[in-house]
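This briefing is intended for reading alongside the sequence and the coordinates. Please have both to hand before going through the points below.

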Amino acid sequence: MPKYYEFKVCGYYLYYTASCVIEAMHVHASDRKLTEAGLAKFFVKSNGDTTVEKQGTLTEREVRKIRAL
């Protein structure tokens, strides 16, 4: 079951799945309409660094803010 943050970052909701057996730990950022175009995906490495798998409609500035969180 996805875990959602109750607040928005850059107008996007952040959520993650605690135990994903298919992929590495990752976080989704989604617009309030939960559209595919408005979805970004960040993989989280064991050292806490992130890589952007999919940027969606996020700007570079928004990606930086979300990655910082």
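What share of the contacts in the protein with a separation of 6 or more comes from residues 24 or more positions apart? Such pairs account for 17% of those contacts, where contact means heavy atoms within 4.5 Å. The model is predicted, so local features need pLDDT of at least 70 and side-chain atom pairs count only at pLDDT 80 or more, while totals for chains, interfaces and linings use all residues. Residues are numbered from 1 along each chain as its sequence is written, and side-chain values use heavy atoms, with hydrogens and water left out.

**Overall architecture**

- The protein has one helix and five strands; helices (H or I, at least four residues) and strands (E, at least two) are DSSP runs, numbered from the N terminus.
- From the N terminus on, the order of elements is β-β-β-β-β-α.
- Of the 69 residues, 29% count as buried, that is, under 20% relative accessible area with a 1.4 Å probe, protein chains only.
- The accessible surface comes to about 4900 Å², and 52% of this belongs to carbon and sulfur atoms; the areas come from the Shrake-Rupley method with a 1.4 Å probe.

- Strand β3 is mostly covered, five of its five residues being buried.
- In a regular strand, side chains alternate between the two faces of the sheet.
- His26, His28 and Ser30 point one way from β3, whereas Val27 and Ala29 point the other way.
- β3 and β4 pair in the antiparallel sense over five bridges; pairing requires that DSSP finds at least two bridges between two strands.
- Valine 27 has phenylalanine 42 as its bridge partner in β4.
- Histidine 26 lies in β3 (residues 26-30) and is buried, with a relative accessible area of 7%.
- The side chains of histidine 26 and histidine 28 make a polar contact at 3.3 Å, a term for N or O atoms within 3.5 Å, of which, within protein, one must be able to donate a hydrogen and the other to accept it; residues adjacent in sequence count only if both atoms are side-chain atoms.

**Nonpolar core**

- The largest nonpolar core has ten residues, including Val27, Ala29, Phe42 and Leu58; such a core joins buried Ala, Val, Leu, Ile, Met, Phe, Trp, Tyr and Cys residues through side-chain atoms within 4.5 Å.
- β2 (12-17), β3, β4 (39-44) and α1 (60-68) each supply at least two residues of this core.

**Leucine 39**

- Leucine 39 is found in β4 and is buried at 13% relative accessibility.
- Leucine 39 and leucine 58 are 19 residues apart in sequence and 8.3 Å apart in space, C-alpha to C-alpha.

Technical notes:
Buried means under 20% relative accessible area, exposed over 50%, partly exposed in between (1.4 Å probe, protein chains only).
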